[in-house]
Amino acid sequence: MLPQYERLVDIDADNTDPGGYAGSSSGSNSLRRSRIRFRFGRLAVATVMLPVAGFLFCVIWSLLYNFEQANATHCLVYNFLPSLSAAIGNYQPQRFVWQFSVLFHAPFRYAIAFLYKNHHLTLLSRKHRKEWAYLACILNIIELSSLVGLSLWTSSNNYEIHKFCFSAFVICSIIYMYLVVLINRLTRSEELLTLAERKSLRYKRRLLVINVASILFAVYFFVRHNNHCEPGIYSLFALSEYVFVYSNIGFHMTAYWDFIKANVYFHWRTGIHFSSV
């Protein structure tokens, strides 16, 4: 899905305040002088789709051209799906495609993390729990940084760093997802939400449950594989990893509904600005 953009009308023809930029007249004037406006929600989905497509490519390519090597384990039993680490990091061109998709989408994800921080600060302003917004932002940044780390340091070239980054990614992502759901539950009334906000919160809750369940299944299948060396069990572990990854991506895709009316403004002098309308 490509981001939608449109030319803005001349500044003298439109005196509407675009809003959402530091609350200052200079910021508003800067936005009015912008020439291109991107729909934030569509841009967010297009960005997050990069690792979706990249991971799918890595799995399919590994199955087609590296089936035996990617499915091999110390048990020497038959498996039909490669693990996450084997699919994205052990072979080329899979490693390049995955690293490109993660590194290319990371800057925008960092920007979204800070945008969510401001969003959560607004929600928590009356609850006197603003530290939750900062904690969620820190967890989000650590999660994304860990994803970058496990992509750059693969299990084949530096297993210890890869394992550390993967563990940090799993722990921080689950805590972050739970904290975001908790913030919305404590600060927002269901009947006062817009249709988009209600849809976003509903999907967040479902994807959190799926995410936690998938990592529990992954742990179970991993332990069972190591203890019993049964055919196909390691592939079920890999499948659980896939569900964990895609449920995590789906959770972050709900930014589309959270900021459905937001825009990203670009000006060649002042750079990129976010606006709530």
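**Group meeting: cavities and a disulfide in a predicted model**

The largest cavity in this structure has a volume of about 150 Å³.

Helix 9 contributes the most, with 4 residues. In terms of residue class, the lining of the largest cavity comprises 10 nonpolar, 3 polar and 2 charged residues. Searching the whole structure gives 3 cavities of 30 Å³ or more.

I turn now to the overall fold. The chain contains 10 helices and 4 strands. Read from the N terminus, the order of the elements is β-α-β-α-α-α-α-α-α-α-α-α-β-β. There are 277 residues in the chain, and 47% of them count as buried. If we take the contacts between residues at least 6 apart in sequence, 73% join residues at least 24 apart.

Next, the annotation. An unreviewed UniProt entry lists residues 40-64, 132-154, 166-186, 207-223 and 243-260 under "transmembrane region". I can set two of these spans against the model. Residues 166-186 are 100% helix and 0% strand, with 30 Å between the end C-alpha atoms. Residues 207-223 are likewise 100% helix and 0% strand, and here the end C-alpha atoms lie 24 Å apart.

The remaining topic is the cysteines. How many disulfides does a search of the whole structure find? The search returns 1 disulfide. The disulfide is formed by C75 and C229, whose sulfur atoms are 2.0 Å apart. Distant parts of the chain are linked by this pair: C75 belongs to the loop between helix 3 (67-70) and helix 4 (84-89), while C229 belongs to the loop between helix 8 (195-228) and helix 9. In sequence the two cysteines are 154 residues apart, yet from C-alpha to C-alpha the separation in space is 5.4 Å.

Why is this disulfide described as left-handed? The torsion about the S-S bond of C75 and C229 is about -60°, and the disulfide is therefore left-handed.

The two partners can also be considered by accessibility. Is C75 buried or exposed? Its relative accessibility is 13%, so C75 counts as buried, the cut-off for that class being under 20%. C229 has a relative accessible area of 27% and is therefore partly exposed. As for the surroundings of C75, once its neighbours within four places in sequence are set aside, this residue is in contact with H225 and C229.

Two further cysteines deserve a mention. C58 has a relative accessibility of 0% and so counts as buried. C165, at 10% relative accessibility, also counts as buried.

To close, I return to two points for discussion. Thank you; I am glad to take questions.

Conventions. Residues are numbered from 1 along each chain as its sequence is written. This is a predicted model: local features need pLDDT of at least 70, side-chain atom pairs count only at pLDDT 80 or more; totals for chains, interfaces and linings use all residues. Side-chain values use heavy atoms; hydrogens and water are left out. On a 1 Å grid over the protein atoms alone, a cavity is a set of points where a 1.4 Å probe fits but cannot get out, and a pocket is an open set with protein on both sides within 12 Å along at least five of seven lines; lining residues have an atom within 4 Å of a point. Grid points are joined across faces, edges and corners, and a volume is the space filled by probe spheres set on the points. Helices (H or I, at least four residues) and strands (E, at least two) are DSSP runs, numbered from the N terminus. Ala, Val, Leu, Ile, Met, Phe, Trp, Tyr, Cys and Pro count as nonpolar, Asp, Glu, Lys and Arg as charged, and the others, Gly among them, as polar. A disulfide is a pair of cysteine sulfur atoms within 2.5 Å. Buried means under 20% relative accessible area, exposed over 50%, partly exposed in between (1.4 Å probe, protein chains only). UniProt positions are given in the numbering used here, feature names are shortened, and annotations may be inferred rather than shown by experiment. Contact means heavy atoms within 4.5 Å.
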